[in-house]
Amino acid sequence: MLIVEDEFISRTLLVEILKPYGVCHIATSGCEAVDVLDRVYASNDHYDLVCLDIMIPDIDGQEVLKKIRHMEASRGISGRQATRVIITTALEDSRNIVKAFLDGNCDAYLTKPIESDKLLSHLRFMQLIGEPAHDYSF
Amino acid sequence: MSARQLSDRIRHFLCEQFQLTPDQVTAMMPNFIATLSVHMANLEGSLASGDPQVIGKAGHTIKGALLNLGLTEYADLAFAIEKMGKGGDRSGDYQARVANLRRLIAPLIG
């Protein structure tokens, strides 16, 4: 998983939510995210999930999303092999959310403050994590 | 609100919203408070630029942090600054709004 978020508190909380489910890498700017993604695709690997903030330094989240889809297209990656991208943004940012779905084919969005239940339910829907264990009583 | 009240409120929010344990929250709090202090200083520093876009961006950053700490009414104040800045408003009283935000979170960040 790759978390692209420049704000320390948001980033830390996302890592805390996601780290029980896998290794979390972080990038704090658009440039850093693109560099990391470039290297991963170049080694014929990919991230299952990218949590992507829109307002990040250097290259904004919309551009990073476009680059992800471009890198995938150029390597013939599509469908279930494609990286799931969850946009994280502010509640009032509906224009960016719509743009990310239409232009970048993002998979979901979350508004801040991030709710861990919502995030995990997206991951279950995307089949990136399993159902939670149930308590049984005898 | 006193420092203790603010701190308790944040702790409770972090436990509820992110399903964190009290021990996890205790470990995170010092860094979160320090980060909030840096965001506040950056917002105050942005006033010197006189550039509404720079002020708006600093407002956006602290807004996100305040939302994640459950301080929604303070985040609303930051959002007002963000909107003014991003809208290019040069006549608004940024100084007073930023000072008000500082006054409200001062018990927490000193």
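# A guided tour of chains A and B

Begin by selecting chain B, which has five helices and zero strands; helices (H or I, at least four residues) and strands (E, at least two) are DSSP runs, numbered from the N terminus. The radius of gyration of chain B, taken over C-alpha atoms, is 14 Å, close to the 13 Å that the globule rule gives for 110 residues, so chain B is as compact as a globular protein of that length. That rule is 2.2 Å times the number of residues to the power 0.38. This is a predicted model, in which local features need pLDDT of at least 70, side-chain atom pairs count only at pLDDT 80 or more, and totals for chains, interfaces and linings use all residues. Residues are numbered from 1 along each chain as its sequence is written, while chains are lettered from A and ligands numbered from 1 in the order in which they are written.

Keep chain B in view. Along the principal axes, its C-alpha atoms fill a box of roughly 45 × 25 × 20 Å.

Next, select helix H5 of chain B, residues 94-109. A kink of about 35 degrees lies at B:Arg103, shortly before the proline B:Pro107; the bend is the angle between axes fitted to the seven residues ending at a residue and the seven starting there. The buried residues of this helix are B:Tyr94, B:Val98, B:Leu101, B:Ile105 and B:Leu108. They pack against helix H1 (3-18), helix H2 (22-47), helix H3 (52-68) and H4 of chain B. Just after H5(B), B:Gly110 takes a positive phi of about 80 degrees.

Now show both chains and turn to where they touch. The contact takes 15 residues from chain B and 14 residues from chain A, where two residues are in contact if their C-beta atoms, placed from the backbone, lie within 7 Å. On the side of chain B, H3(B) gives the largest share, six residues. By class, that side has seven nonpolar residues (Ala, Val, Leu, Ile, Met, Phe, Trp, Tyr, Cys and Pro), eight polar and no charged ones; Asp, Glu, Lys and Arg count as charged, and the others, Gly among them, as polar.

Move to chain A and select strand S3, residues 49-53. Five of the five residues of S3(A) are buried, so this strand is largely enclosed by the rest of the structure. A:Leu49, A:Cys51 and A:Asp53 lie on one side, with A:Val50 and A:Leu52 on the other.

Strand S1 (residues 2-4) of chain A pairs with S3(A) in the parallel sense over three bridges, and A:Val4 stands opposite A:Leu52. S3(A) and strand S4 (residues 84-89) also pair in the parallel sense, over five bridges. In S4(A), A:Arg84 is the bridge partner of A:Leu49, and A:Val85 that of A:Val50. Six of the six residues of S4(A) are buried.

Finish at A:Val50. Not counting residues up to four places away in sequence, A:Val50 touches A:Leu2, A:Val4, A:Ile68, A:Thr83 and A:Val85.

Terms used
Buried ≥ 20, exposed ≤ 12 C-beta atoms within 10 Å, placed from the backbone. Pairing = 2+ DSSP bridges.
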